[in-house]
Amino acid sequence: MLLVGLTGGIGSGKSEALAAFERLGVPTLSTDAVVHDLLGTEELRGLLHERWGDRVLADGEVDRAAVAEIVFERPDELSWLEGTLFPRVGERMMAWRTGLEGDHDVGVVEVPLLFEAGIEGAFDLTVAVVADEALRDERARARDHRGLEGRSGRQLPQDEKARRADFVVRNDGTIRDLEAAVGEVLAEVRGRVSP
């Protein structure tokens, strides 16, 4: 099975591209969803509370917006959080892949900071989703993230992501356009699977 890493900048539409792969019958995994699940565990809740106190809890659950405000303003805290989360995300990703072996020819994992984290080597192929800058900005504003500036500042420019990726998907049109572009990439990826 080929493992494909899917990435893109904020507002590029990488989550929509992941959903398009899934609609086309490809097993998918979002590392953001894995992080969300991990933050819901008692273990992670305890570690974050121990480090940052009550300000990161709301009704006994991790307040992701409060965590974002801390880590995207303080690089040392971000490094600590990444060091805590990344190995656990990697374990879950490998377990997911192992569970698919033999049943599928391709699996796609969405990793927002794929190249920035230097983990592209964990994947057989990479896909970058890119979009017009004004459209990306509009989409990002619609999502109203706290800590957005810090998030954007950590990411490579999308043209650099595109340069490093094996495939590039443009996402300036409709969902149907995106799905067609994803389908073309999927056909090319499947052409590389050994019989």
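Begin by selecting Leu48, which touches Leu39, Gly53, Val56, Val62, Val67, Trp80 and Leu81, leaving aside residues up to four places away in sequence; contact means heavy atoms within 4.5 Å. The model is predicted: local features need pLDDT of at least 70, side-chain atom pairs count only at pLDDT 80 or more, and totals for chains, interfaces and linings use all residues. Residues are numbered from 1 along each chain as its sequence is written, and side-chain values use heavy atoms, with hydrogens and water left out.

Next, select Leu48 together with Trp52, Val67 and Val109: these have the most contacts inside the largest nonpolar core, which has 28 residues. Such a core is a set of buried Ala, Val, Leu, Ile, Met, Phe, Trp, Tyr and Cys residues joined through side-chain atoms within 4.5 Å, where buried means under 20% relative accessible area (1.4 Å probe, protein chains only). Two or more residues come from each of α2 (31–39), α3 (42–52), α4 (64–71) and α5 (75–100); helices are DSSP runs of H or I, at least four residues, numbered from the N terminus.

Now display α3 and α5. Their axes (lines fitted to C-alpha atoms over the stretch in contact) come within 12 Å and cross at roughly 165 degrees. The two helices are therefore roughly antiparallel (over 145 degrees between N-to-C directions). Glu43, Leu44, Leu47, Leu48, Arg51 and Trp52 in α3 meet Glu77, Trp80, Leu81, Thr84, Leu85 and Arg88 in α5.

Finally, select residues 145–151, where pLDDT (the predictor's confidence in each residue, from 0 to 100) stays under 50.

Key
Buried < 20%, exposed > 50% of the residue type's maximum accessible area, 1.4 Å probe, protein only. Axes fitted to C-alpha atoms, helices over the stretch in contact; angles between N-to-C directions. Parallel < 35°, antiparallel > 145°, perpendicular 65-115°, else oblique.
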